[in-house]
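Here is a report on the sheets, helices and ligand shells of this model. Keep the structure open beside the text.

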Amino acid sequence: MERSASRQSRKKVVAVVGGGLVGALNACFFAKRGFGVELFESREDIRRAKIVKGRSINLALSHRGRQALKHVGLEEKIVAQGIPMHARMIHSLNGKQSPIPYGRKGQYILSVDRANLNKELLTAAETYPNTKMNFDHKLQDWNAETGMMTFVRLDGSKEQVKADLIVGCDGAFSAVRKQFLRRSRFDYSQTYIPHGYMELTMPPINGEFAMKPNYLHIWPRNTFMMIALPNLDKTFTCTLFMPFEDFEKITTGDEVIEFFQKYFPDTIPLIGADTLQRDYFRLPAQAMVSVKCNPYHIGGTCVLMGDAAHAVVPFYGQGMNAGFEDCIVFDEIMDQFNEDFSAVLPEYTRVRVPDDHAIADLAMYNYIEMRAHVNSKWFLFRKYVDNILYFFMPKTIIPLYTMVTFTRTRYHEAVKRWHWQNKVINRGLLLSAVGTVLGGSYLLIKNPPHINELIVSAEKMWDRLVALRTL
Ligand code: FAD
Ligand code: EGU
């Protein structure tokens, strides 16, 4: 069957491929502008599906994502269904818990349910009379010359569709992107990291959350790390990050308990030994990939957004937020260029690529950093220093995560500013180090101490100085 998706109206037709988080949101953005919107999603309608398979159960929603939702009038509704997390809760190996606030009062991130968010976005898109949802439509291929798209249905039938603009929001393994790869001067890189992730459910205890709910719980253990976000049903979803080779070493229920006893002992009674063993073997560990490419468009007919354009590793909690911000940026450029696709698309690539590449790099940097030497003490120390400097010099030293999480500072600007701040901090350190040496020498000559104590504290000082230098 062949059909043209264009309608009577003079407004053009936009085909959004992918009805995930970014695709569904984008459908709202284009519908709001009055375009005829056709959304194509390979899966069935998740609002009707009994089992929703997919990636992570919950996500951290922050400022950029909220701003995008606000543009289509959904912010309040989604925020009301999220759980505020005002601080991280760092779990040490000995079970000690230490909170570190995200910022001042009112600066918090939200734990949102992925499936619920996706459903709300699809429903919102559908309320526009000019949108049409096509579930069970998997893009098989498309022709970059003619713009003809071929979809396959579950029953094996095929459908051919044309549109004025194709918006690829079909995730990290994008089928829309396939045609970009065949073109000259298209940059593309993808990297799988050695870590996998696995989700474990921590049930409520006596009808209440098993841990404090308004926190992002973190167990930093160098190469092993666990993160837990609260859900509305009073469970927590714990995500265990670990190298695949270590996942493979654990093959029996006893070994699971042994492993948790060694690294996350406080969680065993909370998750429950049985649940832990069942969840652990329910699904294999999932892979994480980082994808960068450039440009994001072909002529005036096709553009990539969300994970299709930039899959990032989850170590900044920004993948969805960045994808949502893509929609705002595109929308702003549509205003500037009067909805002229052949002008809007190149401008979108020009403006957005540096920022998406910057957040991809930051997330990867944070992954390498955490894996290298982040245990709970180190994490606490670093975040304390961040917050203290911010407290005393709020105009000068803004923590990187603050710029990323609580502002719409362009990602690449945030990175630039971070480099500049590090220079300032290092200068300050050098000055105070010189001061310390001079002042210390003077005091030492005046009253010589026991040499042992001196060496120990000098070593500690050195550790901290080294830590500050790489802040
Ligand atoms: P997807 O959500 O992947 O949606 C793509 C859609 O396209 C799917 O519905 C799919 O079925 C459909 N599709 C695919 N192929 C086709 C085809 N050929 N034809 C038609 N349809 C197709 N981000 C945050 O902001 N905060 C977090 O805390 C966070 N935590 C994360 C934790 C983990 C463990 C992971 C893996 C990711 C996390 N992310 C987080 C990132 C976030 O999940 C993604 O950035 C986000 O889902 C991207 O949305 P998307 O719509 O671009 O892609
Ligand atoms: C990973 C998986 C703490 C959800 C980065 C912080 C994440 C999330 C951090 C996942 C960390 C790491 C930040 C937020 C957030 C922190 C952040 C990571 C949500 C630098 C569901 N990260 N994540 N940074 O600062 O800016 O708390 O799966 F452990 S939210 Cl890795 Cl703010």
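## Two ligand shells

The shell around ligand 2 divides into 14 nonpolar, 4 polar and 1 charged residues. This is a predicted model. In total, 19 residues surround ligand 2. Arg88, Tyr102, Ile218, Pro314 and Phe315 are the closest. A side-chain N or O atom of Arg88 is 3.0 Å from an oxygen atom of ligand 2. A polar side-chain atom of Tyr102 lies 2.8 Å from an oxygen atom of ligand 2. On its own, ligand 2 has 620 Å² of accessible area, and the protein covers 96% of that.

Which elements each supply at least two residues of the shell around ligand 2? They are β4, β15 (215-221), β16 (224-230), α11 (341-373) and α13 (400-406).

Ligand 1 is surrounded by 31 residues. The closest are Glu41, Arg43, Ala60, Arg114 and Asp307. By class, this shell has 12 nonpolar, 12 polar and 7 charged residues. Gly20 brings a backbone N or O atom to 3.5 Å from an oxygen atom of ligand 1. Gly319 places a backbone N or O atom 3.3 Å from a nitrogen atom of the ligand. For Asn321, a polar side-chain atom lies 2.9 Å from an oxygen atom of ligand 1. Taken alone, ligand 1 exposes 990 Å², of which the protein buries 88%.

The largest share, 3 residues, comes from α10.

| Ligand | Residue | Residue atom | Ligand atom | Distance |
|---|---|---|---|---|
| Ligand 1 | Gly20 | backbone N or O | oxygen | 3.5 Å |
| Ligand 1 | Gly319 | backbone N or O | nitrogen | 3.3 Å |
| Ligand 1 | Asn321 | polar side-chain atom | oxygen | 2.9 Å |
| Ligand 2 | Arg88 | side-chain N or O | oxygen | 3.0 Å |
| Ligand 2 | Tyr102 | polar side-chain atom | oxygen | 2.8 Å |

## The six-stranded sheet

An open sheet is formed by 6 strands, in the order β9-β3-β2-β13-β20-β19. Its pairing is mixed. The edge strands are β9 (131-134) and β19 (297-298), and each pairs on one side only. Do β3 and β9 pair in the parallel or the antiparallel sense? Strand β3 (residues 36-40) and β9 are parallel, over 4 bridges. Within this pair, Leu39 stands opposite Met133 in β9.

Helix α1 (residues 21-32) packs on this sheet. It touches β2 (13-17), β3, β9 and β13 (165-168). The direction of α1 makes about 170 degrees with that of β3. Helix α4 (residues 114-126) lies across β3 and β9. Its run is at about 135 degrees to β9.

## The three-stranded sheet

Another open sheet has 3 strands in the order β4-β8-β5, with antiparallel pairing. Here β4 and β5 (83-85) are the edge strands, each pairing on one side only. Neighbouring strands are turned by 35 degrees against each other on average, direction ignored. Between β4 and strand β8 (residues 109-113) there are 4 bridges, in the antiparallel sense. Leu59 has Val112 in β8 as its bridge partner.

Helix α4 packs on this sheet, touching β4 and β8. The direction of α4 makes about 80 degrees with that of β8.

## Strand pairs around β14

Strand β14 (residues 187-202) runs antiparallel to strand β18 (residues 286-294), joined by 8 bridges. The bridge partner of Tyr197 is Gln286 in β18. With strand β17 (residues 236-243), β14 pairs in the antiparallel sense over 8 bridges. Here Glu199 stands opposite Thr239 in β17.

## Backbone details

Two loop residues deserve a check. The peptide bond from Asn294 to Pro295 is cis, with omega near 0 degrees. Pro295 sits in the loop between β18 and β19. Asp136 has a positive phi, near 50 degrees, and is not a glycine. Asp136 is found in the loop between β9 and β10.

Definitions and conventions
Residues numbered from 1 in each chain as written. Chains lettered and ligands numbered in written order. Predicted model: local features only at pLDDT ≥ 70, side-chain atom pairs only at ≥ 80, totals over all residues. Heavy atoms only, no water. Pairing = 2+ DSSP bridges. Contact = heavy atoms within 4.5 Å. Axes fitted to C-alpha atoms, helices over the stretch in contact; angles between N-to-C directions. Near = heavy atom within 4 Å. Polar contact = N/O pair within 3.5 Å; in protein donor to acceptor, adjacent residues only side chain to side chain. Areas by Shrake-Rupley, 256 points an atom, 1.4 Å probe, with all protein chains shown as cover. Nonpolar A, V, L, I, M, F, W, Y, C, P; charged D, E, K, R; others polar.
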